[in-house]
Amino acid sequence: MIGPMHAKLAFGNVRKSLRDFGVYFITILLGVAVFYAFNSITDQEAIEFLGTANKMMELLGIVINGVSVFIIVILAFLVIYADRFLIRRRKKEFGMYLCLGMRQSDVIRITALETLIVGAVSLAGGLLLGILFSQALLYLTAALFATEVPGFTFGFSTGAAIKTVAVFAAIFLVAALANSRTIMKSKLIDLMHADSKNEEMKLRSLPLSLVLFIVSCIIIGISYMLLVDNGLLEPSPEFAAATVLVCVGTVLFFYSLSGFLLRLVQLARPLYLRGLNMFTLRQLNSKINTAFLSMSVVCITLFLAITSVCGGIGICNTLMAGIEKTTGYDASVRTVFGNYNAETGYVPADLGEFGAFAASKDYDMAQGLSESAATLGGKPYDELVSESVQLDFMVDTAGNLTMGDLDEALGKTIKDYAGGVVSENYGIYPVYLLSLSQVNDALQLAGKDPISLDDKTCAVIADSDMLADYYRDLVEKRPSLTIGGESLVLTQFSDQCLETTSAPMNTGALVIPDEAMPETVERMYSLLDVRCASVDAEQQFGDLCGAIESTTEPDTWPITVSLTRTMVLEQSVGLSTIIAYLAVYIGFVLVMACAAILAIQQLSEASDNARRYSLLRKLGTPEPMISRALFAQIAIYFAFPLVLAIAHSVCALIVVTDVVAVFGHLDIGQMAIVCAASFLVVYGAYFLLTYLSAKQLARSA
Amino acid sequence: MAHHGLLEVSNISKRYGTNAKREGSSTLALDDVSFLVEAGEYVGIMGPSGSGKSTLLNCIATIDTPTAGRISIDGQDVTKLNAKELSTFRRDRLGFVFQDSNLLDTLTAFENIALALTIKKVAAGEIDSRVRAVAEQLSISDTLGKYPYQLSGGQKQRVAAARATVGHPSLILADEPTGALDSKSAAQLLDSFDLLNSLGATLLMVTHDPVTASYCGRIVFIKDGKLWGQLQRGHKDRTAFFGEIVAITSRIGGDRADAC
């Protein structure tokens, strides 16, 4: 039973220690708000106006649900961590209650009631803030999908609200149980003397710290080198080693940081013996035994947050930037007829009856698709398609022009340009051949300038950004290439995309005069670029291709992939939205968690430090000097994990850029910078809050 | 013109729980106390528990402010100073030795002593020699590199004494400095105080222990917030002075017994 006495004490305690509860309160408030906002994104009512994009939002909903489990774990950890700090701080108070004759069950009731009060207030406040957040997200979503919110739409998601309340109620329950256990387990004598128990001073020799610090920097440097040199495309032992080393280096860095700083400043005697500098450094050094682990965790977590946000949003921007280039046609249909294998050479794809059908149509895709449409009984092909161009990517199996020959002609390898992204034995792969007339028809269909070739010359066309420089340099060399016994000089490079696709995938094909196409070529794949009669026709053509692709009817064309422009746009926008939202969601919670952990740790120290500051005050230390010392101390705790995390992130993002270069040039972009900046604002706000609270605590003794 | 001492306490009163409506509820901790301390003196303040001696010291130390009266140190009325001026004043003119040595546990003995100088922005080059000189005087040179937890209680108090004196304050204030020490360590500390006094330092010490008080040159007795009397050591030796002190303290205690 909770009596009026319990309630009165609990309310009084919460009011009295608002400052102690401040960080706790704000953390829960933000946690609730973000949790609600992201879980309400996918609420159907609010986003109905998005129309066709709904499918992507459903997917986003599923992903956010999954990620939320991870977020719940982080938030639960945070609440319990913060609670433990508050309980520890108040041991003496609890001891007094027990001395006055209260039972342990009374004390537990009081703390449970306090948790309930703080929880209820922050939950309510957080939901209100969350509704504002979600409203902002609604407009952001609309902007991303390039639609407008019709009029004023107020989005309140009952489902998300219920979920938020349920999740946080469960977290508070767990926290209250953990508190009860702490109180049940503690003896009165320990509670009464909680104050006098000081952290055991563990002292480490300073030269050792210096050595450890240098070692940690070397380890981090090695891990950076391993990562940059080897990239992260494939899970290589180097990548695993880099991951382990960067973690070890980070922990060691913080383990030795305070000792190193102390040593360094001690060398500069005038600096060391100025104001409270030596006090501040000793302060840092005295707590580092307990703080280094949390600083390391915070650093790694911040690193993950920064990398996921910048990398995620960067990838989105890249996808969106390349989209005009890769949507030149209303639709593209691709059929793969053969593969090339290092051991066996050219192998025709096993297309069965469909392959026979294609052969019977002499590989004419337009003809084949048209007849397939008739077979399936859909709308006539000619009513949907107003124009089409077929491109046949061939390889000369009798000739021996390989990618390795191109490397040789240039004197450098593709690996020099694209790093570890390229497969090991690419060198033996034959170079694709395209006939000039097909390429020019395709370029014209997309409204682009055709390629004109002089006598005895050829061009190379590749749409992958990663290889553009390779081919540019190659063309500069004017290499003479032997195709079908004829020698052609490579004089031109084009980076046009010859199809509508979600990512540029043509890593290079030679465009040669039609008459130069050797007799001995084999068909690798064919593309049919299509202009549709109307927007509706585009949709219907997409449906038709889907039907042809999945049918078992033997007399139909084999389709490997077909994409319409609308499908590509929706996929890209949807994908980038999902990536961006996840990056922001995870990033925000991680940054908040880091900042809260640092804040709570600093404040728990501030109470120990109160005695020290009161002594400094008695000795006549000017107040600004004390404030500066406190500021420096907290700033070091907040800044060093951040600085190292940024260093890690820069290194990781350099590597990520290499990987993303497959899809196009990675553009970290304004949005990522805005997000990173807003995270810094949250981090900075926690820093300021910590500083002000710590100042207050230091003054209270 | 009246004679001015280094420390001049004039008619100070201190009332706790001051409340205009409920005059009766407040406590008068100090009631019109006045005395002088000359430069170079070594004065003890004695009195039973609750007599107001610690309140008096706190007022002189500018940690507390009297309700009425004035306290002047070096001709400066400290009751007129604002918070900022007070901290500067404490830093520049006063030295403190507390009952529990109150050294910063994170700093070495050297650093604890140097702290009194660094907060005064004394040049780094000067700090080193001044700390070592005062450590030499108080025979704690070999403890300078150690942390407080590595020191005995007596060593800690001597480090605290070194910290109090290294800044050449006008007045050193000590609040029950031997309270937590065994008799041997207490004697060592008091010898250090004697030495500092002989070198020209002015000391004011609150104590309830007659042995400790017998090291002083003069004792001011406080009872129930009022000045009860004074005792000069003159040319008496310490044992004789101790006898007189014990006699008076038992009289003060006796008065209290009568009152009950």
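Helices (H or I, at least four residues) and strands (E, at least two) are DSSP runs, numbered from the N terminus. The model is predicted, so that local features need pLDDT of at least 70 and side-chain atom pairs count only at pLDDT 80 or more, while totals for chains, interfaces and linings use all residues. Residues are numbered from 1 along each chain as its sequence is written, and chains are lettered from A and ligands numbered from 1 in the order in which they are written.

**Exercise 1. Describe the surroundings of A:Met278, and state whether this residue is buried or exposed.**

Solution. 
- Step 1: locate the residue, which lies in helix α12 of chain A, a helix of residues 277-321.
- Step 2: apply the burial rule, by which a residue is buried if 20 or more other C-beta atoms, placed from the backbone, lie within 10 Å of its own, exposed if 12 or fewer, and partly exposed in between. A:Met278 counts as buried because 25 C-beta neighbours are found inside 10 Å.
- Step 3: list the contacts, where two residues are in contact if their C-beta atoms, placed from the backbone, lie within 7 Å. When neighbours within four places in sequence are left aside, A:Met278 touches A:Tyr272 and A:Leu273 in chain A, together with B:Leu107, B:Glu111 and B:Thr118 in chain B.

**Exercise 2. Describe the contact between chain B and chain A, and say which elements of chain B contribute two or more residues.**

Solution. 
- Step 1: count the residues, of which 24 in chain B are in contact with 22 in chain A.
- Step 2: name the elements of chain B that give two or more residues to this side, namely α2 (83-93), β6, α3 (109-118) and α4 (124-137).
- Step 3: sort the residues by class, with Ala, Val, Leu, Ile, Met, Phe, Trp, Tyr, Cys and Pro as nonpolar, Asp, Glu, Lys and Arg as charged, and the others, Gly among them, as polar. The side of chain B that touches chain A then has 13 nonpolar, five polar and six charged residues.

**Exercise 3. In what order do the four strands of the antiparallel sheet of chain B stand, and what packs on this sheet?**

Solution. 
- Step 1: recall that two strands pair if DSSP finds at least two bridges between them. The four strands form an open sheet of chain B in the order β2-β1-β4-β5, with antiparallel pairing.
- Step 2: find the edges, which are β2 (27-37) and β5 (76-77) of chain B; each has a single partner strand, so one side of each is left without a neighbour in the sheet.
- Step 3: follow the pairing of β1 (residues 7-16) of chain B, which is joined to β2(B) by seven bridges. B:Glu8 stands opposite B:Leu36 in β2(B), and B:Arg15 has B:Leu28 as its bridge partner in that strand. With β4(B), β1(B) pairs in the antiparallel sense over five bridges, and B:Ser13 has B:Ala68 in β4(B) as its bridge partner.
- Step 4: turn to the helix, because none of the pairing steps covers it. Helix α1 (residues 53-60) of chain B packs on the sheet, touching β1, β2 and β4 (68-73) of chain B, and its direction makes about 120° with that of β1(B); axes here are lines fitted to C-alpha atoms, for helices over the stretch in contact, and angles run from 0 to 180 degrees between N-to-C directions.

**Exercise 4. How do helices α5 and α6 of chain B cross?**

Solution. 
- Step 1: take the axes of α5 (residues 153-166) and α6 (residues 183-198) of chain B, which come within 8 Å and cross at roughly 20°.
- Step 2: classify the angle, given that angles under 35 degrees count as roughly parallel, over 145 as roughly antiparallel, 65 to 115 as roughly perpendicular and the rest as oblique. α5(B) and α6(B) are therefore roughly parallel to each other.
- Step 3: sort the contact by class, which gives four nonpolar, seven polar and one charged residues for α5(B) with α6(B).

**Exercise 5. Which residues make the contact between α14 and α20 of chain A?**

Solution. 
- Step 1: take the axes of α14 (residues 365-376) and α20 (residues 535-550) of chain A, which come within 10 Å and cross at roughly 80°. α14(A) and α20(A) are therefore roughly perpendicular to each other.
- Step 2: name the residues, which are A:Leu369, A:Ser372, A:Ala373 and A:Leu376 of α14(A) and A:Leu544, A:Ala547 and A:Ile548 of α20(A).
- Step 3: sort them by class, which gives six nonpolar, one polar and no charged residues.
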